[in-house]
Amino acid sequence: MKLKLYGAMLSPFVRKVRMILALKNIDYEIDTNVSPLGVPEGYEKIHPLKKIPALVIEDEGRELALADSSAIAAFIEKHQPSPSLYPADPMDYGQALWLEEYGDTFIAQNCTFGVFGNVFFSWARGETYDPEKVKTAFKLMEEVIAYIEPILGRRDWLVGDALSIADIGVVTHFFNVEHAGYRLTEADSPTLYGLKKRIEEHAQLAPLLAEERIIIQKLKFDCPDLTALRP
Ligand SMILES: N[C@@H](CCC(=O)N[C@@H](CS)C(=O)NCC(=O)O)C(=O)O
């Protein structure tokens, strides 16, 4: 089976898929020439909404173009169940799916788009970011922390006792906030900070983040320090 992933590596959703592929040690090709700044002609045949990521799967003469990180993640799990990123217990499974969705929607719209989207894409367009949008995003980040902290409690992972799609789907967004100029601190949330650190230092995931930092350096992105905008 041949897999080709489409999407720029700094996208939280592309990172989500790359982390899953790395954890399962699956080989794939990647076309990073597709981003919110522009997609190649004909990309709508792969992703009708022209978003990233998309995954094209070729297997014994069959071809499938899959759009949306959650559909891609579920496909990868079926394709290669081990190590499983979806809890076996039905209630844990439901909770993991919900937390993935919470990351894909509320956290993405508020934290990623309000901080990284605003700061990084303004820079890419030669414009100045809107600090008010960053402040609003940071207020909403407090809501996220308040919701996530009791779920995580004193455990290592959000659901059950192993790294799951829930951890990846939630934490991916905090790497975008960091790329844009704010690194989550222990004072923000000791437990979420700990979870992010476990992912950041994970032997199979750390190289992906290192690769992203090199991309940022190569782009010569003038990363601001957003600390003063925190409430
Ligand atoms: N729910 C989708 C979200 C994908 C998404 O919004 N991707 C962003 C980049 S991070 C995008 O392509 N934005 C361009 C657009 O909305 O036109 C997923 O999980 O794949």
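**View 1. Contacts of Ile20 in the predicted model.** In this predicted model, Ile20 is in contact with Ala73, Ile76, Leu85 and Ile168, leaving aside neighbours within four places in sequence. Ile20 is also among the residues with the most contacts inside the largest nonpolar core, together with Val17, Val115 and Ala180.

**View 2. The largest nonpolar core.** This core has 52 residues. At least two of its residues come from each of strand E1 (2-6), H1, strand E3 (54-59), H2, helix H3 (90-124), helix H4 (131-152), helix H5 (165-180) and helix H6 (190-200). Domain 1 (2-79) and domain 2 (90-229) each contribute at least three residues to the core. In soluble globular proteins, nonpolar side chains tend to be buried together.

**View 3. The shell around the ligand.** The residues around the ligand are Ser11, Pro12, Phe13, Pro36, Lys50, Lys51, Ile52, Pro53, Asp68, Ser69, Ser70 and Asp104. Sorted by class, the shell has 5 nonpolar, 3 polar and 4 charged residues.

**View 4. Ser70 and its partners in contact.** Ser70 lies in helix H2 and is one of the residues around the ligand. Not counting residues up to four places away in sequence, Ser70 touches Glu100 and Asp104. The C-alpha atoms of Ser70 and Glu100 are separated by 7.9 Å, although the two residues are 30 residues apart along the chain. Is Ser70 buried, exposed or partly exposed? Ser70 is partly exposed, because 17 other C-beta atoms lie within 10 Å, between the limits of 12 or fewer for exposed and 20 or more for buried.

View 5. Most residues other than glycine have a negative phi, and most peptide bonds are trans. With 17 other C-beta atoms within 10 Å, Asp68 is partly exposed.

**View 6. Asn25, in the loop between H1 and E2.** The loop between H1 and E2 holds Asn25. Phi of Asn25 is near 55 degrees, a positive value in a residue other than glycine. Asn25 counts as exposed because it has 10 C-beta neighbours inside 10 Å, and exposed residues have 12 or fewer.

**View 7. Two cis peptide bonds.** The bond from Ile52 to Pro53 is cis, with omega near 5 degrees. Pro83 is found in the loop between H2 and H3.

**View 8. The two spans annotated in UniProt.** An unreviewed UniProt entry lists residues 1-84 as "domain: GST N-terminal". Over residues 1-84 the chain is 27% helix and 24% strand, and the end C-alpha atoms are 19 Å apart. For "domain: GST C-terminal", the unreviewed entry lists residues 89-226. Residues 89-226 are 71% helix and 0% strand, with end C-alpha atoms 40 Å apart.

Key: Residues numbered from 1 in each chain as written. Predicted model: local features only at pLDDT ≥ 70, side-chain atom pairs only at ≥ 80, totals over all residues. Near = placed C-beta within 6 Å. Nonpolar A, V, L, I, M, F, W, Y, C, P; charged D, E, K, R; others polar. UniProt positions renumbered as here; feature names shortened; annotations may be inferred. Helix = DSSP H or I, 4+ residues; strand = E, 2+ residues; numbered from the N terminus. Core = buried A, V, L, I, M, F, W, Y, C linked by C-beta atoms within 7 Å. Domains from an automatic or database assignment. Contact = placed C-beta atoms within 7 Å.
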